[in-house]
Amino acid sequence: MKVLVIIPAYNEEENILNTCNEIKKLKIKEHQVDYVVINDASKDNTKQVCINNQLNLIDLPCNLGIGGAVQTGYKYAYMNDYDVAIQFDGDGQHNASYIKDLLDEISNGNDLVIGSRYISDLNTFRSTAMRRVGSNILRWLIKICTNIEVTDPTSGFRACSKKVIEEFAKDYPIDYPEPETVAIIAKKCYKVKDIPVEMNERQGGTSSINALKSVYYMIKVGLAIVFAGLFTKGDVK
Amino acid sequence: MPLRLELFLILLILVFIILIIGRVKSKKLSLNYSLLWLFFGIVMFICACSEPLLSKFANLLGIKEVSNMIFLFGFVLLITLTFTLTTIVSLQNKKITSLVQEVGILKKDLRGKKND
């Protein structure tokens with residue numbers, strides 16, 4: 001299968017090269033793994049680092065936010081006829097060795113495979129109490145609205161089948177897209193599955209969610225899930 | 001309402017309507033967005049012209065003071081306007097996002113062609 005790893009990057013000059021090298025090192029049987037970096041108008045030297053190291057780069061002229069950046073990757077995957085797209089953060093949080101596991105589940109016929117921090121026993125990812133509470137509320141909301149269970153709806157480490165690539169290329173939320181897209185895809189009767197992954201602590205840069213934004217985050221994402229549950233038409237694929 | 005005030009209001013509204021038409025004519029305001037404003041202007045014009053009609057209408061709605069009715073309508077109109085604007089902004093946001101993404105992808109293609 002033709003696989004595209006989408007790496008959204010905003011101010012990631014320190015991490016982006018390592019991340020791409022990790023992807024380049026990957027050799028997975030029967031799959032051709034490409035990657036693309038989406039530079040979301042970073043204010044630091046991310047663009048220059050990418051060009052100097054001849055990374056495969058899409059350089060956005062304006063800052064779109066994570067949703068818009070990632071969607072660019074899905075559009076690129078759609079235009080270039082990729083079979084699978086994998087979202088992979090540019091900040092070194094995700095572990096490239098799990099890409100194979102995600103791909104296996106896509107090969108097994110799943111449409112959206114989410115790398116979850118909360119299944120694995122050997123997980124070292126230290127999550128704050130608040131974060132877990134928020135995550136649990138979203139899990140519960142998704143369960144009620146779409147009748148599926150995902151353990152880590154906020155995870156940005158995920159693989160999509162060709163059909164889901166097309167859906168995302170057409171429509172993708174602007175900000176905090178992860179839980180909302182899970183709800184939409186589940187509601188459209190695609191197969192969603194989560195598998196255990198380990199995530200690293202951030203290697204540099206700052207998280208996109210601070211304490212002040214978290215209230216807005218919960219309201220926006222919660223409402224988005226409810227709306228997706230109520231108004232997404234469930235056409236059976 | 002004293003005649004002087006009435007004339008002053010009518011004059012003000014006429015200037016307002018002429019301003020809208022002028023903007024549309026010079027293509028600074030697109031016709032479809034001007035319709036709401038024109039409608040607003042015409043309603044105001046009618047209101048300013050006939051005070052008895054206004055008090056009759058207020059009576060009909062059960063509003064005691066004509067001025068209260070005017071305030072109410074003013075609020076409703078402003079809310080409608082801002083709501084329309086938010087809708088337009090959302091739509092434009094979507095279009096701009098699409099454009100930025102396409103430009104990004106095109107820039108990449110162009111770089112690829114130059115390197116060949």
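This passage walks through the interface of chain A and chain B, then the sheet of chain A, in a predicted model. Local features need pLDDT of at least 70 and side-chain atom pairs pLDDT 80 or more, while totals for chains, interfaces and linings use all residues. Residues are numbered from 1 along each chain as written, chains are lettered from A in the order written, and side-chain values use heavy atoms, with hydrogens and water left out.

At the interface, 15 residues of chain A are in contact with 12 residues of chain B (heavy atoms within 4.5 Å). About 1,300 Å² is buried between the two chains, 62% of it from carbon and sulfur atoms; buried area here is the accessible area (1.4 Å probe) lost on putting the two parts together, summed over both. Of what chain A buries against chain B, 31% comes down to A:Pro61, A:Leu64 and A:Lys75, more than any other three residues supply.

The rule turns up 1 salt bridge across this interface (a side-chain nitrogen of Lys or Arg within 4 Å of a carboxyl oxygen of Asp or Glu). A:Asp59 and B:Lys107 make a salt bridge through their side chains, at 3.1 Å from N to O.

As for the sheet, chain A has an open one of 7 strands, ordered β3-β2-β1-β4-β6-β5-β7 with mixed pairing. Strands are DSSP runs of E, at least two residues, numbered from the N terminus, and two of them pair if DSSP finds at least two bridges between them. On the edges sit β3 and β7 (192-196) of chain A, each pairing on one side only. Inside chain A, β5 (112-116) and β6 (158-160) run antiparallel over 3 bridges, with A:Val113 bridged to A:Ala159 of β6(A).

Note on methods. Helix = DSSP H or I, 4+ residues; strand = E, 2+ residues; numbered from the N terminus.
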